[in-house]
Amino acid sequence: VQLVESGGGLVQPGGSLRLSCAHSGFIVADYGVGWFRQAPGKEREAVACINGRWPSTEYSLSAQGRFTISRDDAENKVYLQMDSLEPQDTAVYYCAVRYRTTPRTLCTSSAHWPDLWGQGTQVTVSS
């Protein structure tokens, strides 16, 4: 069972990045999948979540209108397209899953925190 993130890097304010999460060893249709982030000195927070079977999604307020989460089931990947990036988006971004959890619950309930995490990928937004 594995989650591997990639696609992070350094980008200027206003720029875009697409993060990828390659998953293996489990049936993603049985899980809720989310992107989370943790900035230095701050708590880890949810960014965007998606159902592993249906197209339903949930976004944090800071992500709405700028980020898009999607799945490619043929490639066993989940993506986070990030546009109009701001310096406050700088953080380590993690892909994570929780069994049979809706996107809204995964993204909003600390009592239903993911039980499997990737290693993270660094995103730095700076000029």
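Two ground rules before we start. Residues are numbered from 1 along each chain as its sequence is written, and side-chain values use heavy atoms, with hydrogens and water left out. Since the model is predicted, local features need pLDDT of at least 70 and side-chain atom pairs count only at pLDDT 80 or more, while totals for chains, interfaces and linings use all residues.

Now some terms. A strand here is a DSSP run of type E with at least two residues, numbered from the N terminus. Two strands pair if DSSP finds at least two bridges between them.

Let's begin with E9. Strand E9 covers residues 91-99, and it runs antiparallel to strand E4, residues 31-38. How many bridges join E4 to E9? There are 8. Val33 has Val97 of E9 as its bridge partner.

Val97 comes up again. It stands opposite Leu116 in E10.

Next, the open sheet. It has 4 strands, in the order E1-E3-E8-E7, with antiparallel pairing. Which strands stand at the edges? They are E1 (2-6) and E7 (67-72). Each has a single partner strand, so one side of each is left without a neighbour in the sheet. Neighbouring strands of this sheet are turned by 15° against each other on average, direction ignored. That angle uses axes, lines fitted to C-alpha atoms; in general, angles run from 0 to 180 degrees between N-to-C directions.

Cys21 stands opposite Val78 in E8.

A general point on strands. In a regular strand the side chains alternate between the two faces of the sheet.

Last stop: Thr124, in strand E11.

What does Thr124 touch? Leaving aside neighbours within four places in sequence, it is in contact (heavy atoms within 4.5 Å) with Gly9, Leu10, Val11 and Thr90. Asp89 lies 35 residues from Thr124 in sequence, yet their C-alpha atoms are 7.5 Å apart.
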